[in-house]
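Notebook open, structure loaded. I'm jotting down what I look up as I go.

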Amino acid sequence: MQLALLDAAAKAFTIFGFAAASIDVIASQIGATKGSVYYHYRSKSELFFAVHKRAMVINLRVQMPVLQDKSLSTIEKLFNMCHRHAMAMMDSLYYQRVTVQGVELHQSISTTPLEREALQEVVAMRDAYEELFEHVLEQGMSEGVFAALDPSIASKSILGSLNWTTVWYRPREGESAAAKLRIADQLALQAVCGIVAAKSRSRVPTAAARLPA
């Protein structure tokens, strides 16, 4: 019930926006009552934060196989991280659209101590996720395979471009898994080529390593 509720809320927030996505609208998508929604979440804001938190958990989980694989070079690691992030944007589109609505919206609806605590938690998760990319960029810069740039700005730029997928990507009826893989391959290639040092261009992969999910 709770996961179905989060799925419905993510879809409603994406389609209608936070203001128009009422609890009634969310509950109706899964044949639930307003009371059953409030049994799990005390407010729409709390539900919104729960959706955001689940999106961040999804993102963190998909990166673990890459981070744990010691056989990957730094360039391959960044490529695979970008690829997996792009795939997550498409595979869990509704959840990801909620996350890119921005901290500004979260701050505007955060009015109670519990909501402010929830805001701090999702922001901390977002920052931790961004730091995964930042650390790989720092490693590549120390190895000389990435251009000498500010890693914090570079990580924000890379994630910003990948997150924009949620704005333009729309799943098509009958779309194959291969079609999404091709999109992710290109996005990851573009992201890595924007940061890799000229002397290391030939080492950039064109497709992600097929690591465990």
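Ground rule for accessibility before anything else: I call a residue buried under 20% relative accessible area, exposed over 50%, and partly exposed in between (1.4 Å probe, protein chains only). This is a predicted model, so I keep in mind that local features need pLDDT of at least 70 and side-chain atom pairs count only at pLDDT 80 or more, while totals for chains, interfaces and linings use all residues. Residues are numbered from 1 along each chain as its sequence is written, and side-chain values use heavy atoms, with hydrogens and water left out.

**Entry: Gln101**

I looked up Gln101 and found it in the loop between α6 (93-99) and α7 (103-109). Helices here are DSSP runs (H or I, at least four residues), as are strands (E, at least two), numbered from the N terminus. Gln101 has 27% relative accessibility, so I log it as partly exposed. What does Gln101 contact, leaving aside neighbours within four places in sequence? I get Phe13, Phe18 and Phe48, where contact means heavy atoms within 4.5 Å. I also checked Gln101 against Ile15: they are 86 residues apart in sequence, and their C-alpha atoms are 12 Å apart in space.

Phe16 sits in helix α1 (residues 2-20) and is partly exposed at 46%.

Residues 1-59 come out as 81% helix and 0% strand, with end C-alpha atoms 22 Å apart. For residues 22-41 I get 65% helix and 0% strand, and the end C-alpha atoms lie 13 Å apart.

**Entry: Asn59**

I then looked at Asn59, which is in helix α4 (residues 44-68). Is Asn59 buried or exposed? At 2% relative accessibility, Asn59 counts as buried. Leaving out neighbours within four places in sequence, I find Asn59 in contact with His85, Ala88, Met89, Gln96 and Tyr129.

**Entry: salt bridges**

My cut-off is a side-chain nitrogen of Lys or Arg within 4 Å of a carboxyl oxygen of Asp or Glu. Background reminder: side chains of opposite charge can pair when their charged atoms come close. How many salt bridges do I get by this rule? The count is seven.

One of them joins Asp24 and Lys34, at 3.5 Å from N to O. Asp24 lies in helix α2 (residues 23-28) and Lys34 in helix α3 (residues 34-40), so this pair ties together parts ten residues apart in sequence. Both ends are partly exposed, Asp24 at 45% and Lys34 at 38%.

Next I noted Lys180 with Asp91, 2.5 Å from N to O. Here Lys180 is in helix α11 (residues 177-193) and Asp91 in helix α5 (residues 74-91), so the pair links parts 89 residues apart in sequence. Lys180 counts as buried at 17% relative accessibility. Its contacts, not counting residues up to four places away in sequence, are Met87, Met90, Asp91, Tyr169 and Glu175. Lys180 and Met87 are 93 residues apart in sequence, yet 7.1 Å apart from C-alpha to C-alpha.

I also logged Lys156 with Glu130, whose closest N and O atoms are 2.6 Å apart. Lys156 belongs to helix α9 (residues 151-163) and Glu130 to helix α8 (residues 113-143), so the bridge ties together parts 26 residues apart in sequence. Lys156 is partly exposed at 45%, whereas Glu130 is buried at 15%.

**Entry: cysteines**

I searched the whole structure for disulfides (cysteine sulfur atoms within 2.5 Å) and found zero. Cys82 is buried at 0%, and Cys193 is partly exposed at 27%.
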